[in-house]
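I set out to record, entry by entry, what I looked up in this structure. The model and its sequence are shown first, and my notes follow.

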Amino acid sequence: FLGKKINSPWLKKFLLSAYQSDLFNLWLSRRLDEGHFEEICEGDACFKKGDDRPFIFKGESDIAEVNYTGPLFGKKMFWPSGELQSKEEKLWQDEGHSLDRLKDFPLYGGRRPGRVLVPDLKISEKEESLLFNMTLPAGSYATSLLREFMK
């Protein structure tokens with residue numbers, strides 16, 4: 001749909017945001033497949049606890065206070081460094097886009113935490129099913145969490 005004319009500004013923004021989220025989920029799936037879900041890697045674009053300004057992880061931070069992030073592609077997105085940047089660029093290119101095209105992407109882009117804690121998760125049995133009760137931060141989706149439980 002990136003090459004299609006969409007007249008509704010609301011619909012266009014909605015579809016582009018959904019596309020950003022889909023690419024983030026693809027990035028996260030690849031990270032899981034590579035076995036790097038639990039670790040923060042040299043060159044990761046990270047957030048410190050309580051701060052949403054990304055920085056490049058060089059191993060000097062208290063790891064308990066740091067979370068790696070994934071891409072929300074856009075023209076002003078903060079990139080990781082080294083091999084991790086190459087992987088994000090490849091993901092974008094695998095979608096059939098050039099890096100030059102990213103400069104004209106209609107959204108600014110950003111970073112989203114790669115791991116989300118769910119401290120208030122409660123699972124209870126109800127008849128022949130399970131009931132999940134939780135609070136998730138903005139940008140996190142219960143459907144993604146439930147998919148991990150259901151495999």
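**Entry 1: an asparagine**

I looked up N67 and noted that it counts as buried, at 16% relative accessibility. Here buried means under 20% relative accessible area, exposed means over 50%, and partly exposed lies in between (1.4 Å probe, protein chains only). N67 is found in strand β3; helices (H or I, at least four residues) and strands (E, at least two) are DSSP runs, numbered from the N terminus. I found that the side chain of N67 reaches the backbone oxygen of R115 at 2.6 Å. Leaving out residues up to four places away in sequence, I listed what N67 touches (heavy atoms within 4.5 Å): I40, A45, C46, F47, P113, G114 and R115.

**Entry 2: basis of the notes**

I noted that this is a predicted model, in which local features need pLDDT of at least 70 and side-chain atom pairs count only at pLDDT 80 or more, while totals for chains, interfaces and linings use all residues. Residues are numbered from 1 along each chain as its sequence is written, and side-chain values use heavy atoms, with hydrogens and water left out.

**Entry 3: the core**

I looked up the largest nonpolar core and found 20 residues, with C46, F73 and W92 having the most contacts inside it. Such a core is a set of buried Ala, Val, Leu, Ile, Met, Phe, Trp, Tyr and Cys residues joined through side-chain atoms within 4.5 Å. The elements that give two or more residues to this core are α1 (9-33), β3 (66-72) and α2 (82-94). The largest share, 6 residues, comes from α1. Apart from neighbours within four places in sequence, the contacts of F73 include Q20, W79, E88 and W92.

**Entry 4: salt bridges**

I noted 8 salt bridges in the structure, each being a side-chain nitrogen of Lys or Arg within 4 Å of a carboxyl oxygen of Asp or Glu. The side chains of D94 and R30 meet in one of them (3.3 Å, N to O). D94 lies in helix α2 and R30 in helix α1, so this pair ties together parts that are 64 residues apart in sequence. I also recorded that R30, K90 and D94 are linked in a network of salt bridges.

I then looked up R111, which forms a salt bridge with E88, the closest N and O atoms being 2.8 Å apart. R111 is in strand β4 and E88 in helix α2, 23 residues apart, and the pair links distant parts of the chain. Is E88 buried or exposed? I found E88 buried, with a relative accessible area of 2%; R111 also counts as buried, at 9%.

Technical notes. A polar contact is a pair of N or O atoms within 3.5 Å; within protein, one must be able to donate a hydrogen and the other to accept it, and residues adjacent in sequence count only if both atoms are side-chain atoms.
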